[in-house]
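Hi there,

Here is the structure I promised to pass on to you. Have a look at it first, and then read on for what I found in it.

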Amino acid sequence: MSAVRKASEATAKKVATDTDSDEETGLRVPPKVMPLLVPIPEQLTKLPSFGAVHDELTTVIVFGADGNLARRKTFPALFNLMYKDHLADDAVIIGYARAPLSTTAFREMVYRSIYAPTVANQPRTHFLNQVTYEHGEFNEPASFAALREALEAREAQQLADWRVRAGIDADAPAVQQPSRVRLYYMAVPSFLYYGICLNLKDSGIATHKKVDRFVLEKPFGRDSTTCNELLAQLALVLSEDVSYRIDHYLGKELIMNLLVLRFANICFEAIWNHHHIASVQVIFKEKVGLDGRGGYFDQYGVIRDVMQNHLTQILALVTMEQPLSLSAGHILQEKIKVLSSVRPLARKDLVIGQYAGYLDEESISNKQSRTETFAVAVLHINNPRWAGVPFVLKAGKALNENRAEVRIRFKNVPGAIPELSACPENELIIRVQPNEGIYWKISNKVPGLHFEVAPMRMDLTYQSKYDQGELPEAYERLILHVLNADKSHFVHADELKLSWHIFSAVLHELEAAEDDRPVPYMRGTRGPALADELAQRYGMRKFGSQRFESNTAPVANVPAVDRWATRKGVGVAAAAANGVAGTHRRSGERRSSEGADGAQRNDAPPRNEWPGALPLSSTNLVPPVAATSWAGGSPVAMPRNVSSSSCDEPPGFSTQSESTRR
Ligand SMILES: NC(=O)C1=CN([C@@H]2O[C@H](COP(=O)(O)OP(=O)(O)OC[C@H]3O[C@@H](n4cnc5c(N)ncnc54)[C@H](OP(=O)(O)O)[C@@H]3O)[C@@H](O)[C@H]2O)C=CC1
Ligand SMILES: O=C1O[C@H](COP(=O)(O)O)[C@@H](O)[C@H](O)[C@H]1O
């Protein structure tokens with residue numbers, strides 16, 4: 001083990017067990033620190049290359065530095081970038097917000113947001129030393145004058161240190177100076193952008209076009225009108241080439257993979273259309289509710305917060321035609337084409353909900369608020385590829401799980417062999433998070449002498465296929481793109497206008513109709529049941545994972561009953577009516593009538609499964625019509641040799657049904 005690694009582990013262990021304070025930083029350690037149970041992976045023990053000479057001097061100013069986004073995403077991403085040597089160790093990092101905090105208090109806040117027990121303290125301490133804090137209003141010239149002063153002082157020191165390291169005299173010619181990048185990160189609601197950018201310009205901070213890069217968060221505006229106004233306003237102070245409109249879902253590994261999956265694999269293109277696809281779902285579910293963000297969220301709601309941007313971007317990538325190349329311009333061309341074909345959302349195709357307790361949240365000042373925390377919308381794309389396919393966008397907070405995924409449901413095999421005609425439809429799932437992966441749900445013959453068909457997963461779960469530890473956070477990746485002046489994964493103004501066009505009318509309709517209130521739902525559930533009724537209108541049983549779609553309990557053990565019933569000359573339905581039980585069994589598990597070696601113990605079912613011996617119950621009964629399909633719709637009679645059990649779930653996936661979880 002290297003000396004660095006030993007030192008690193010020792011520090012990490014110390015931090016992990018010290019719950020009061022940290023000697024090196026003097027900062028409090030977050031209370032819920034897990035003890036270090038596993039050795040630190042080698043890649044986490046890297047220390048910053050203090051004192052290295054970089055060819056570019058970097059400054060990052062985070063506006064809204066005390067907010068949720070800055071704490072949860074921006075600062076951890078900046079820290080990881082510095083840790084991995086993608087952000088220079090001498091970068092000047094300034095947090096700016098309204099709260100009158102000292103730099104020490106602010107560092108403590110940042111420390112808590114970047115803390116991880118498996119990372120040694122030294123890189124963290126180094127990062128925190130690069131961070132200072134300035135406070136002021138977002139639209140007040142005096143505050144920006146003060147910011148400029150602080151910024152210039154820090155940058156002058158940064159340059160002086162650089163010269164010392166590079167051995168260059170203070171009066172050396174300009175050609176020997178490093179270039180500079182200034183990144184302005186707007187971690188604030190978009191109505192504040194113009195004031196900030198105007199003040200940056202007027203105060204003389206943002207002057208050199210080449211130097212400045214502005215990161216603008218979503219949602220960009222509140223509707224088509226405000227988006228257009230904001231674009232026009234910002235055009236007065238920013239040029240398009242320095243504007244980076246971020247949608248962090250575009251930086252997620254599985255989303256970045258979508259075009260590769262679709263266009264580098266011939267197996268997909270032929271079936272990627274309305275002839276073969278029955279429906280597409282784009283799902284974002286979060287357990288967390290407001291998390292103190294009422295000031296922002298209550299003005300926007302989940303349609304503007306997540307659906308108009310993240311989910312619509314995913315929709316565009318799933319449905320666009322093949323681009324001429326993977327260049328940003330060519331991808332944009334195709335996104336624009338497909339987004340132009342999406343019909344504006346109709347009120348009848350939308351269900352909105354609000355979780356019980358939302359109005360009692362401390363950060364909600366309007367106690368009558370009708371802001372939606374849940375929405376399911378069905379969109380339609382009017383083009384030859386997608387006519388007739390429902391696209392379901394679902395987003396919700398305070399739900400039963402954290403999950404983001406795309407589910408592509410295929411149609412039944414046309415003219416299928418009778419015995420296989422009731423096999424569940426195929427489904428392709430692109431799991432964005434957690435447990436990133438891509439998997440198919442297919443029908444497969446269960447290995448063995450008997451003929452049993454069961455749904456199975458064909459699996460590309462990243463954890464099991466790629467041995468590269470944790471995937472980089474989307475923000476880390478996208479901020480790195482900004483540092484490299486790479487705009488290929490940022491949102492163009494034209495895409496924005498089109499995506500607002502889809503949602504603006506219905507958002508106005510909701511706002512105007514005062515009696516149109518969101519349906520209440522309990523925290524920790526799947527959301528309002530009304531959403532499933534909307535699903536039924538489009539031929540699905542319910543929205544969500546559809547892991548189990550049966551009206552009754554899932555049945556996995558058909559063959560045991562089936563073979564017995566066949567030999568006795570009794571049909572499955574008759575056997576069921578006589579009380580023959582199918583024990584719920586996952587694929588791979590032994591039947592109750594099998595010995596430890598899997599051999600059949602007895603011809604007949606065990607004594608307690610004998611017809612008549614077992615009371616009929618909804619959990620052990622083989623239904624006369626065995627099951628419905630995954631895809632929902634009306635119940636489909638399954639042939640007796642086709643099981644309707646869930647697909648085998650790999651580790652990390654819940655095998656509970658949605659209804660069981662509720
Ligand atoms: N939180 C997240 O996970 C994500 C957020 N975003 C986007 O980032 C932006 C900020 O979100 P988030 O950090 O959650 O929001 P917060 O509510 O935490 O506020 C962020 C910052 O904006 C300031 N602010 C908020 N409202 C006002 C206001 N009315 N007037 C002046 N200042 C205000 C806050 O100042 P003060 O504390 O003084 O009120 C704070 O400094 C939003 O556009 C959001 O969509 C994007 C992706 C993820
Ligand atoms: O943009 C947003 O995204 C977050 C969820 O991001 P994730 O990367 O953790 O999935 C969401 O909580 C927030 O409301 C929204 O503004």
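Predicted model: local features only at pLDDT ≥ 70, side-chain atom pairs only at ≥ 80, totals over all residues.

**Ligand 1**

The other ligand has a shell of 24 residues, and the closest of them are G64, G67, N68, L69 and Y296. By class, the shell around ligand 1 divides into ten nonpolar, six polar and eight charged residues. Two helices, helix 2 (68-83) and helix 11 (294-319), each supply at least two residues of that shell. The largest share comes from helix 2, with four residues.

**The parallel sheet**

Now to the strands. A reminder that helps here: strands of a sheet pair through backbone hydrogen bonds, either parallel or antiparallel.

One open sheet is formed by six strands in the order 3-2-1-4-5-6, and its pairing is parallel. Its edge strands are strand 3 (131-135) and strand 6, each of which pairs on one side only. From one strand to the next, the twist averages 20 degrees.

You can walk through part of this sheet pair by pair. Strand 1 (residues 56-63) runs parallel to strand 4, and eight bridges join the two. Among the residues involved, E56 has S179 as its bridge partner in strand 4. Strand 4 (residues 179-186) in turn pairs with strand 5 over five bridges, again in the parallel sense. In this pair, M186 stands opposite L216 of strand 5. On to strand 6 (residues 243-245): strand 5 pairs with this strand over three bridges, also in the parallel sense. Here L216 has R245 as its bridge partner. To get from strand 5 to strand 6, the chain crosses through helix 7 (residues 224-237), and this β-α-β crossover is right-handed.

Why can we say that strand 5 is largely enclosed by the rest of the structure? Strand 5 spans residues 212-216, and five of its five residues are buried, so the strand is largely enclosed. In a regular strand, the side chains alternate between the two faces of the sheet. You can follow this in strand 5, where D212, F214 and L216 point one way while R213 and V215 point the other way, and all are buried.

The loop between strand 5 and helix 7 holds D223. This residue is partly exposed, with 19 other C-beta atoms within 10 Å; a residue needs 20 or more to be called buried. D223 and A398 are 175 residues apart along the chain, and their C-alpha atoms are separated by 25 Å.

With strand 7 (residues 277-285) it runs parallel, and six bridges join the two. With strand 9 (residues 374-379), strand 10 pairs in the antiparallel sense, over six bridges. Another pair to look for is V282, which stands opposite L393.

Are the residues of strand 10 buried or exposed? Six of its six residues are buried, and the strand is mostly covered. F391, L393 and A395 point one way, V392, K394 and G396 the other way, and all are buried.

Enjoy exploring the model!

Best wishes

Notes
Residues numbered from 1 in each chain as written. Chains lettered and ligands numbered in written order. Buried ≥ 20, exposed ≤ 12 C-beta atoms within 10 Å, placed from the backbone. Pairing = 2+ DSSP bridges. Right-handed = clockwise from strand over helix to strand, strands pointing away. Axes fitted to C-alpha atoms, helices over the stretch in contact; angles between N-to-C directions. Near = placed C-beta within 6 Å. Nonpolar A, V, L, I, M, F, W, Y, C, P; charged D, E, K, R; others polar.
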